[in-house]
Structure formats: C-alpha cells, structure tokens
Amino acid sequence: MKSLLNNIKSRFSIKDVTEQRSNLVFIDVARESAVPLITYLRDYEGMTHLVLLTAADWIEENEFQLTYLLNNPEQKFDIGVRVRISREKATMETAHHLWEQVATYQRELKEMFGIDFPGSPGVDKPFILEGWDDLPPYRRDFDTKKYSEDTYFPRPGRESNDPAEYMKKKMYPNEK
Amino acid sequence: MSLKDILSPFTAWKHVVKDPVTIKDPFTREAAERYRGFHKNDIETCIGCGTCEDICQNAAIDMVPVDGIETRDGDSGLRPMVDYGRCCWCALCVDVCTTNSLSLSNHYNWIDEDPDQFRYIPGVDKKEWDTNEKGWKKPEGNYELYDINRVKMEEQAPESRDDSFIEIVKGYSKEQALLEADRCVACGICTATCPAHMGIPEYIKAIRNDDLEEGLRILYDTNPLPEICGRICTHKCETVCSIGHKGDPISIRWLKRYIADQHPSDQYKEILGTRDIELNGKTVAIVGSGPSGLSAAYYLALLGYKCTIYEKLPEAGGMMRYGIPEYRLPYDQIDKDVNYILSLGVEIKTNTNIGTDITLEELQEQYDAVFAGTGLHMGRSTRVPGTDHQEVYQAVDLLRDVVLGKEIPVKENIVVIGGGNVAMDITRTLARLQKVKFGKVSIIATSLESEDIMPADREEVVEAREENATIIPGWGPTKIETEGEHLKGLHVVKCTSVFDEEGRFNPKFDEEQIDYFKGEMVVESIGQGMDISYFKGDIKENLKLDNRGRIIVNENFQSSIDWLFVGGDIIQGPDVIHGIANGHKAAIGIDKFLGEG
Amino acid sequence: MKEDFKKRTVITPEGKPLEIDPVKDYFSDARPKVHKPANPVIEKFANWARANSLWVLGFGTGCGAIEMRPLMTPRFDAYRYGIQWRPTPRQASVFVISGYLSVKTLKRVVRTYEQMQNPKFVVGLGSCTINGGMYWDSYNTINRLDHYLPVDVYIAGCMPRPESLLHGFEELKKIIKEGRGEGANKYAEEFDWYKANQKKVIKDWDMPDYNW
Amino acid sequence: MDFGFKHILYALLTVFIVLNYGLILQGIVRKIGARVGRRYGIRWYQPYIDIIKNYAKRSTITHGVMFYIAPVFRLTGGIGLLLFMPVIFGSEIFSNFSFAGDLVLVLYFQFFGVLGMALGAAEGGHPYSAIGVSRGLSQVTAFELPLTLGVLAIAMQYQTLNITEIVAAQQGGFLSWTLFTNPFATIAIMFSFLGAMGRSPFDVVLAPQEIPIGPPTEFHSGLLGVLQLNRAIFPAAKLILFMNLLFGGATSWPELVVKTFLIYMWSVFVGTVFPRFRVDQSVRWFLVVPLTIAIIAIILIRF
Amino acid sequence: MRSNILNITEDRSQFPEKNAEGKIDVDLSSHKYLKLWQGPQHPGITGNMSLELTVLGDEVMDCETHVGYLHRGFEKLMERRKYIQCFPIVCRVAVPEPDFNEYCFASAMEELAGIEVPEMAEWLRTLTLEMSRLQSYLMWIGGQSGAFGSGIIGQWANYLRDLVLDRFEELTGGRIYHMYQLPGGVRGLLPDGFKDRMEETLQTIEEFMSDIEKVMFNNAVFKKRSVGMGYIDPSWVDKFGITGPNARAAGVAKDIRKDYPYLKYDQLDFDLVMGKDSDIYTRADVRRRDLLLSVDLIRQIFAKMPEKGEIKAPTPNVLHWKVAPGETYSRAECTRGEYGYYMVSDGTEYPRRINVRGPSYTHAVALLEKMIINTNIADVAGLMVSLHTYPPEIER
C-alpha cells in the first residue's frame, strides 16, 4: 500500500491521505484528478472492484463529497477516493465507462442529491422516486419530517408532555 | 440427463405418508420466552421520566397524565402511552427504562377494525397481557445503555483532613465531569423538585458539549451562587434523580461546581453579559446577606435596581459563611460568588444591625422597597433538664464563633444532640479542634431519628465516621447530668418512632432501653429559630403572622406590608437553595410591585 | 406524465388524422358504483361463502410480505382456513397491504384495488398502515392507509407474526359474515374524498380517476 | 340414437354427478399434493365455496362480447366432451349421447374449449393472457398430435370410432384392456394426458410464477365461476375418456371412481415433483417422446 | 451458453440491431413487439420491483429494471436519528437478512467510536449471522424452485426456515427483525437448552436438504431449465461488481469471511464453496453447499464459543452518544454477496451520512438488464431469483 500511495502521489495531486484501518485508506483529491485517478487505480494498481459510489452533503461548507470506494481483490485492501465538489449546480465527470454499475449509482446521485453527471446513460431518468417535485431528498436542507407532516396527515390525537414542564405546572401552579 | 434424474425426484412422495408439520392450533400458540410483544408497565415503580419517549425513534411514546397518579417530587405523574401505529417493538424503551418498570409481554396479538384503537397506557388501561410474566425484559448482567455508577470524586483522605479545614472534595477534572455528565438521561425530573427550578439537564448538556460558558449562563439564570451551591446545596435534585432508581444518582451538585470552577470570576461579566446594566433609578434595601438576600440583590441588580445590603456581621454570606465549616465551603469560594454580585453595583453595609444602627422605618423612607432575609440564627434547645448549664452550647453559636476566630472551649469528650447537617457540621468541626488540641477525637453525635431517616446527608455521616466521630442515631435525650461547673454526660432513651401516622412530629420512646453518653460538653443542634425583633412598632402591628408565628407572604414573597418583602430561611426553613429561589422570586415580585407603582 | 400516455395524432390508413388519447383508451374513467346487498337470506349465504373463500392478492407491498410465506407454507398452512393466493387482482377478494406504502407503490395499489371486484376487503398489516410505523417521518411513505383505501381490519405488529395474521383473517371472516365488509361500497360512496387524498400524495397522476 | 326428453334429463344427471365428482376430486387431489408438502391443505369442499363466492361477486366488467362467450365456450368444451361418450358402460342412463363417430367429436371437444378461450382471453387485452393463449395453443397442438395418433391407433385396433364399442371390446378381464393389448398407444396417450391435464411439468400456460395464470388472468366473478365449473367437469370428463379408451371403462360408479382417481393420480404423481418446462421445451418433448411412441403404435397396428 | 426458442446456438445477444445508445429501436405500433411488465405485483418477482420487458414472441428483446417501490429513505431517516435510534431501523433495510445490517452498522460505529466488543458478544454475533444466512438461503431455495414451477421445495424450505426463525425468536426475541446486535455488543445470552434445540433444527435441515437435493438438484426438468441458463462470464465479475455466490459460481474466489475475516471467522475452519459453470444450476448448487456449510459453521461455533461472558461493552450513554468524526466502511458476507455500510460521522450525536451497499444494487440492475436479453419470458423469474436479488437494498 505504501508504494501504491507513493505511485499516485507522484502522478496525481493528492490533497490528503487518511489511514482509517490497515486495509482502508481515504484519499482526498481535486475534482479534476478524481476520474483519472480511479482509472489509474483500476488499470494499473489492481483496484478492479468498485465497492460503492456515494455522496455526502457538507452543507456548512457548501460542498458535496463524492466517495469512490475501490477494492483490490488480490491484495485485499480498499481505497476511498474522496472528491469535494461545489453544491451550486453540482456536476461531476461521469465514470460509467469504467464499471457497468456506475451509471446506476450516478442516476441515483442525480435524483437523491441533484449531482449531475453529464454523459452518463439515463442519468436524467427517475430512478427511485416518481413525480418528485421537492428538493433532492438526500440534501441536508431537505426536511423529511416536515415534508411528511405536511403531506401524509399524521393520525391526530397524539400529544405528549415534557416531564419537567409538566411537573412545574402541576407542583407550582402559581409560577409561570 | 440420466434416468436417475428422472426417477430421483419421485422420492418426494415418501413425505405423503408422513405427518404434516403444521402447527395444529396456531391461534393459541405462545411466543418464545423472550419475545417482544406488547408493553407492560409497573405504574407504581414508574416515575414518568420520559426516557422511553426520548429513545423511541418512532415517536411512538407519549407522556400523558394518569388518574390516580399524583405529581410529586421524583414522580412527574405522567405515564407512557404507546402508539402501536408507530411502535416497532425494538424494546429499547425497556432497556433504557430508569426504573426497570417497563417491560414487554410475549403477547403479540392485537386485531382491530378501528385504527384509532391502537394506543394505550401500559399498566393503566387493563389488557389481557398485564399478568403475562414472560416476554422481553432488560438483559441481565452488565447490560446498561448508560453508566449507572457515579464517577468517583477524589477527596482528601480521612487521615489528612481530620485536623484541618482544607476543603475535602477536590472537584471533577474535565474527563470526570464529561463522564459524569454523560450519565444524565436529561429527563428533567429534577428541575421541578429543585426549589430554584434550575435548568439541570440543560447545564449538564452544556458540560457534555464542553460549552461551559453556556453552562454558566444557565446556572446564573436561576442561581447566582453556583460555587456555594455546587458545594453545600442539599441537592434535592439528586434525591429524585431517575438514575438513582437503579444506580447512583447523577452528582448534579458537583457538576454545577465544575462549571463554576472553570471560570475565574473576572470573566463572569463577559460571559454573562452583565458589563453594562442600566440603572432604572429605583432603590431597594436588603436586610441580611444570606442566600436569599444575595439572590434578591443579584436579580434586582440585573433589572437595574440600586440595591443596598445591610449585614449585621463583619462579612457577607450569612449562614453560608457563619454556619458552614470551611472544609465544606471555603471562604474564597463564598467571596467569589459574593464579589461578583457586589461588582454589579450592589452596595453592602456590614456590621450594621437593623433595629439598632438603623431602623426599618428609616429604610422605608430611603428606599422604594425592602427585602428582609435575616435567616435563622438562634439555636433551639431541647429543654431537657440541665440545658441551662454553661457547658451546654448551641451549634450555630459555636460555628459562628469559629468563623469569627473566637476561642472555642473544646473538651476531651463531647456529646452532640442532633442528626441534621448542622449537627454533622458541628460534630466534624469540634472533632477537628479536638484532634488539634488533644491529638485524638472523642465526640458522640446522637439523634432521635434512626440511621435510615436521619436528615443529614448520607455522605456527611459517612465522612464524619471516617473522621472518627461516633454517630449513634435513634436516641432521645432525657437529662443532662451535671456536677456543679462540670458537665458529666447525657442520658438518653431509645426512640422507636419519630413521626406519627399522619407524618407529624410526635416521637415515641421505649423507656426500657436507656443509655448514657459521657462528655464534658454538650452541643445542641436540633434546629434554629428566627430573630425578628427588628420588626417594631407599626410594622410589627401590621405584619400578619400565622398561628405558628411565621410571617405570611404571598407567592411574590410580599408580606402584608406592601413595601416589605420577606424570604429565605425565615419563611422556608433552613435551606440554601430555597433561600436562593425565594430571593429570585422576591426580586421578580419587587419588580412587579415597583413597576406598577 | 409518461411519453406513452400523452395525446397524439396518427394518420389512419385512409390518410385521415386521428387523435388518440391513450389514457382514455387504456383505462375507464367511469365512477365506481355502489352495489347494494341482495336480499338478506341470500346475502347471508353469500357472505358465508365470501368469508370462507378469501383469495388474497399476491402483492407484497412492504416488508410484511415476508411473513406471507410462512403463512402459506406447512408451518401455518392458511389454506386449511380457506385462505388462498391469487396472482391477479381481478380474481382476488382480499388485498393485504403488508406494511408501509411508498408513494410509488400506492399508485399501483390504488390501481390494483380498483381492478378488484366488489365486494373486496383490505387488511392493513403492521403498524405502518395504522400511523406510519417506524417510517412516520419518511418523505416517501404514507402514514395512514385509511385515507387512501377503505380498510376492514388492522393487525398490529412490526412484523405481525403469522399467528397474528391468522387471527386477523378470522376477524375479517367475522366482519364479512356480519355483513360489515362493505369497503368497496364505502369507496364508491366517498370516492371524491379518497381520490382527493390519493391525488394529494401521488404527484404524477397520469391515469383517469377510476380505471379498471 | 333417439333423442328423447328422457335423455336430456339423463344427461343433466350425468353432468351433475360428474361436476360434483370433479369438484371433490379437485379438493382431494389438492390435499394429497399438500401432504407431500407436509401440510394439511385446503378443506375438501373448498372448491364448492370458491365457486359460490365467485358467483356471489357483485360486480363484473367486460371487455367485449367474446370475453363473455369465452367461458361458455370453455364449459361447452368440457360438457361436450362428457356428453358424447358413455360414462358407465352398459348403463342406459349414463351412456349419454354416444354414437358411432363420437371419438372424433370427443377429440374435437378437447380442442374446442381452448380455442374459445383463446378468443376471449385475447379480447381481455391483458398481455399475459395473450402470451398464455399462445403458449396454450402451441402446447395443445403439440400434445394433440401424439394423442390423436394414439387414439387413431386404438381406433384402428378396434376398428371403430365409437367409444362404447371400444369399451365393449375391452370387457372380460383386465388383460383385455387397451393398456395391455396396445401398450405403445397407451403410453403415448398417457404422456399426452400429462399435457392435457395442465399440471407440471406442462403447466406453463397457467404458470403463476411467470405469467400470472395466463389466459384466465382477466376473468373474474361469475365468468370465473363458469371456468371453475369447467375446471371440475373437463378433467373428470377427460379422465372418463382415457378410462374408456385405455382401462376398460367402468360398469359402475365405484369402478369409475377408482379408475379415474388412479388415472388422475398419474398426472399428480408426476406433476408434484417436477418443475415446469418452458413452452418450447414441452413442445419439443411432446414432439419427440410421445409422438415417437405413438408412431410406433400406429406402425405396430399396421402390421 | 444460452438458450432460446429455436435453440439456435449462435450469439443472439446482438439481435435485434442496437442503435448508438446501445438500445434497440422498438416501435410498439408495429405490433411486432410487446411491452410486458413484470411487477411490482407479480408472484415471480422477489420483493417488489418491476421489469419492463420488450418481448418478441416469447423472447425478451430489452429489459429495464424499475425500483423504488419499497423506498423508505433510510439513509435520510438515519441522518435525523441518534445512533442508537438507527439501530432498530437498519435491520429493515433487508428483510430476509436483517442481521447483516445490524452487524455492519454496529461494527462501523464501534470502529469510529473505538469500542471493543467482548469475546462472547462476538461469538453470538457470528452465530446470528450464520443462522441468518441459513434462513435466507432456505427462503431463496424455495423461490428458485418456485420460479421454475416446483412448489414442493418451497413448502419444505419455508418450513425449515420457520424452524430457524423459531430459534431466532428464542435467542433474540424477534422473529423477522431481531434487533439483537446493539452497538457495543448483543442483547442476550443463549437461552437454556438452546444448543440442543438448534442441533435438532440443524438435523432436520440436513435431512430435508438431502431430499431437496434429490428432488430439486437431481431433477431432469430442473436441470433442463437451469443448466446453461444465465451464464455469467468470470470477466464480468469486476466489470459489474459481482460478489458472493454469483461470483463464486463463476470460479472467482470472493468471500469476505475468508478475505477479510471479521468477528470469529478466523477461528472457524471452512473452505470456500466454489463452482465453475456459472449458470443457474451452478449458482443454485453453490448456494446449496453454502447452506450446508452454514450448518457446519454453526456446529463449530457451538463447539468453540464460551459458555458465559460479557455481552456488551460499556458504552457512553446511548441517548447522547457522540461518535468521533471520521469515515469508515464495514463489510460482511451475506448470502447475496458483499454487504457494507459506509458511515460518515461529523462528531455529533447524529450520523452525517450512512450509505448502505447492498449486493443487489449491482446484481439486479446493470447485470440483470444485460443477462435477461434474448432469454425466454418464462426464464426471467428464474434468472432473477438465481441472482438472489432483493429490491429494498437497492433503493433502501
């Protein structure tokens, strides 16, 4: 793994390397080098198995984080390639040509996060949701509880008391 | 493809002659012993802390009032109601239950046409599974979802402390405080019980978040004496703490002290935002600088009143300074709290006795309102034969003399009558003086109440014993044996019960069992009385008292004389946190009174 | 709306333009009718038969479907109580809503329900059908089944055990025998209310109101 | 053949008995299948309740005239098959409308119902129906070929196209049954019988896992009730046919019950343990195995 | 390699001609093609998904997978639940095998929080995972035979599964959703007599499995339907992200239990179950042998695990458990392949993001869409079941 890291450090601009476990390393790279890096990892370093591709929303920093988790089935270790992209009009280069399932992942990301992957097959087709007209639901600023309460009529008749407030009210009725 | 492939499947037919494996009567089949079925709740044990509601990710549990369950200290009077349109039977509510009252039966069957039926209050609404013994219970062993054991507090060892007045409790380090704060389930049962209604879960949360400035702000919302309270509060909150039902209660008092300890007093104004307070031009006189007086002064000062405290003794603090030994409450900590209050523009006039140096009438003329929090500074006597002897002392007097630096006539053998905290204070103070003077401790403290109902804090008793004092509860004094100038000892008789069935003080004795404690000095510590001789003339005439001689005040602590507010121990009995709460409410009352006028 | 469902104009072999509205062509938009029960004696006999021949539609809408297999296999063998599978809605009489309904499934469920023949019964299985269950705050699952379909009986649980399901079916039988299983008529009577609720949550409503 | 009013009553009685027999047989056979799966299975009278339930449905929708007629066609196929062959040999009451060429008519009725169904199902408009029908037709065609050849072999053997005569020829001890006198034809016919009964491995037409129950997908309520009646009568009629052709017919009802039950069990015996063939596989199988045997039977008869 | 109506052996995967996008041009109005939807209401579909098939006669020309019927938004829901509150909901991601979710979630969280799980709890976790594998395979075997029209296997297999569920009920208190592997440990020791009853169950399973082998695997018709059907080329394994039995049946040794030993798998003695023909039959056979391996592993676990011990490590108060910031990925071998949880913590009481990687994600969409082309409609269900797909883990 050491030599692999050295190899990619000499070839790509790596921002940061985090060693999570002896067999799991996360690499932060700039957006431009992400797809070339995973292509390189797949073709030259034996990281032939794409475990997953997913995103996380760092809304405070106004960025999305994309994680391509790659696995080396021979030497049994994983590398997570992390890329930060802007939340505004989020787009990312497609990687569907590398693995067949990437198109599906990208389709999901487009739908659930609103990250576009121009050129990815079927990326604009709805995947899971149907007739969705709100924010992409996995974004942090989408409030699922509020949406649910507004849309799906919770059954009435439920009300709860906070023990502290209730006790104060009961035991000291004169105090406000 | 072979002949075998065609023939071998027919072997399946051998099953046609075997018995079906079907469960013959699925309608009465019982679930497994541990099965998670519908909820049961022992409502007598349940305290309605709502922790089950907190952990329920389905929002399936509501805390609702229940007929027949009264709200009282340590019991919110609420009980969980479960909505089976939400429940997922994960049983985390059972595992997290602070009283182990909640459990699941292994009953699984509930069919109904009406979707609004699927909710009920376990234990209250009778269900067929209430008597079902099987079902999910919290796993045994060390299985807890939170730590039920208190983080150990470092203290001075008994050997190193029994001859000095250095503070015993060292206070929590950050790691310890974080661990201790983590134990809190934030139920809020303590909040109402605390006379000052301190935001206990909130400031504990601030500790967890390591946001101690926020913690300090929460403390000062309801309590301007956190350093003091963090040490000597009677912590009624800890008594009712829900975790205390199956483990140690959260050490709320020490966590409060931890917050206050972390901030030097010069940062207070910055943190609390009290740098610039605009005066509103009105003035209030406060008689007595005890907890209620200081608390009233603080909250009035925040509201812009100009306050002046009149104190009889040389320094501020009242009973906190003159009634509590230094090893429990060091003077510098009192100063820290008091000085901060004074720094807000509160003026203090020490060595000023109301009635002699200045009269109440004069105060009335000079100020818009007066708050009196003069406390209980007179010891009460048992009035058994021999109490008029010169070697019989009052605990409050002795404690005050210690602080004032007067010589204390310590004898080799001492008997203390009383089982409260003051008794423990004087016992341990005298024990220290004995150790210094004679090199050994020989002091007996005896109380009417038996060990389990002694009013003193448990740790006080334990620590006193660690310091070699002898505590013998359950005896009532009958006679002090004297011999001229010398005192010989105390005759006692076994006390069988202290309170009658209605809870009134009415001790019963077993005359058969008697004992005799030898000693050259007896200290009485069975309670204190108030000295309200400064109310004179018209004021005394107009002041309404109840039949037991106590001043009647309304909920704003306003007495029958509208400009006179009274609070603290003289209203509520001896308790620092009550005093603080009184002072706070009186401040609000004064503001209301003066705001209207 | 899907491309296939949009209105379009085709040229007939005669060379004339012809407008096609696939939605109208594929589905019916006639309102459902209230079917009055027949005379009491016949109805009683019919109800007995209906109760003892519950054909359950094989549509596992949520995770509850997993307990259907034990139910219909040797261990619990619901067949002996007159409960059978039916793969097509046309022939089924009982619709078991096995748990939560996502909006996407709800649309299919409504369609499927409407294809079933009167009288038809709905069993709400699991907490999710009662008040949203553990997905009470999910943006994609409905909370109360009775807002969208008339429900005859609910079975609490997450998941209800097969025994509970059998109890539920017994309860349903009782309801049917007592002549209270009139969900289909209720649906017809309060059709507009149900439709409004359905339309509120199903955002891409690309079918007529009633489509059998 | 004199068509008297009496005969019609007799025929109705036959239909009634066979219908009930068919329903009970259906229930019992399903129970036996369930036993192999180690469970109790349905109540034996469940098919009755199902039919009543379906007739008691309040609403029916239609897809057109053919949609209504198809179940009637289907039922006609079943009843027609039954009515043109002797049920109890030698009984005047239960010999039905057997006549000189009834064997031909009976073979036609085998096919008739399927055709009617095909028209109706196609009108139902459901793609699964269409697929089911196309599969059904190809499979029927495939097993009709060996069946027809087998029947032909029997007709040639007995030199008649009258079933009553064929049965009569088989009287006198079980060794005179076609089963023993013409085993190849019997084997060919019994293989075709597997297909005719629509059980595994030849149930791809109704295959619930692949195309939910095929042609009858859209049929419901009373229409399904009619189909269910047919589903009771048709197999029973087929069983009687095969019994008459191969196993010496029956001279009494108990004999009929025993024989037909055992014949039925042959298809159950195979069907319970085997998965189903795809339609191309089953067609190929019919065109290879039974057809070859049927041809051998014909050739043997010729010589 | 493949089979079709006319049994033409040349490669028909390019028939009909594909356009530039790799799709065929379908003009439905030509009446040459028929659109056929399998699902969501369809008995041959496992779980709730639908396949949009374009068929020509009985042959599938094109297929598109539609999912989302079971979408509950788990990953979103978990973001607004405290860690402990995620624990009851993770098992709902995959109904047939809730335990792998519980394990992956708990282990990811424990890794980030730095919690060491007690020995006994690890053994019990291993036990539940193997029991879970057992019952999942048993359900699958019923589905696989059912998809080809043999009901009897499904009856037996579901009975066996029910026996395992009974054991689960005794051990965990739940039949389907066990909610047993709490972060930090497990929620109970073995009940009295559990081992004996489990052994009895295992014997029944072995007994029935030998019957199932005779009736299902030595069955002319089943072989006819499955041998040579649904071929997966070993080179596709990486290309499509295929894992688990599907990969092993293609001769690619992939098993997380061996490759990345977790829990107590390093102390258990077993060999990978491999196949080489990579068709439906081989995959079924690999799963059958894997099932028997689980039986063996459960016996080994019983032999090796201690009698008593701590079941839960002390954890912070679960009501406000803050997990140290960081990211990790925790995986386990489930019956369908690699199951994994990718967890991002931002140091608060709530997870920042949890992504569930279910093996069906790749198997049921990209792979199925490719494999289904030019097969018979009748084979679609069998093919799908042979990949052992389960929709909820695709859409979560």
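Modeller: In this predicted model, C:Val10 has C:Leu18 as its bridge partner in strand 2 of chain C.

Biologist: Which strand of chain C is joined to strand 5 of chain B, and how do you know that the two pair?

Modeller: Strand 5 (residues 111-112) of chain B is joined to strand 7 of chain C by two bridges, and the two run antiparallel. The rule asks for at least two bridges, so this is a pair. Within it, B:Asp112 stands opposite C:Tyr154.

Biologist: What else describes the interface of chain B and chain C?

Modeller: The contact involves 30 residues of chain B and 32 residues of chain C. Together the two chains bury about 2,800 Å², with 55% of it on carbon and sulfur atoms. On the side of chain B, the residues that lose the most area to chain C are B:Phe27, B:Ile111 and B:Glu113, together 24% of what that side buries.

Biologist: Why is the meeting of B:Arg29 and C:Glu163 called a salt bridge?

Modeller: The term requires a side-chain nitrogen of Lys or Arg within 4 Å of a carboxyl oxygen of Asp or Glu. The side chains of B:Arg29 and C:Glu163 meet at 2.7 Å, N to O, so the name applies. The rule finds two salt bridges across this interface.

Biologist: Which residue of chain E meets B:Arg29 in a salt bridge?

Modeller: The partner is E:Asp166, at 3.1 Å from N to O. This distance is also within 4 Å, so the pair qualifies. Four salt bridges are found across the interface of chain B and chain E, and 32 residue pairs there are in polar contact. The side of chain B that touches chain E has 24 nonpolar, seven polar and 13 charged residues.

Biologist: How much area do chain B and chain E bury between them?

Modeller: They bury about 3,600 Å², of which 52% is on carbon and sulfur atoms. B:Arg34, B:Arg36 and B:Gln57 supply 18% of the area that chain B buries against chain E, more than any other three residues.

Biologist: Why are strand 9 and strand 21 of chain B said to stand at the edges of their sheet?

Modeller: The open sheet has five strands in the order 9-8-7-10-21, with parallel pairing. Strand 9 (347-349) and strand 21 (564-566) each have a single partner strand, so one side of each is left without a neighbour in the sheet. Further inside the order, strand 7 (residues 283-287) and strand 10 (residues 369-372) of chain B pair over four bridges, and B:Ile286 stands opposite B:Phe371.

Biologist: What makes C:Pro119 and B:Asn468 worth a remark?

Modeller: Most residues other than glycine have a negative phi, and most peptide bonds are trans. The bond from C:Asn118 to C:Pro119, however, is cis, with omega near -5°. B:Asn468 is not a glycine, yet its phi is positive, about 75°. That residue lies in the loop between helix 19 (458-466) and strand 15 (470-473) of chain B.

Key: Residues are numbered from 1 along each chain as its sequence is written. Chains are lettered from A and ligands numbered from 1 in the order in which they are written. This is a predicted model: local features need pLDDT of at least 70, side-chain atom pairs count only at pLDDT 80 or more; totals for chains, interfaces and linings use all residues. Side-chain values use heavy atoms; hydrogens and water are left out. Buried area is the accessible area (1.4 Å probe) that two parts lose on being put together, summed over both. A polar contact is a pair of N or O atoms within 3.5 Å; within protein, one must be able to donate a hydrogen and the other to accept it, and residues adjacent in sequence count only if both atoms are side-chain atoms. Ala, Val, Leu, Ile, Met, Phe, Trp, Tyr, Cys and Pro count as nonpolar, Asp, Glu, Lys and Arg as charged, and the others, Gly among them, as polar. Contact means heavy atoms within 4.5 Å.
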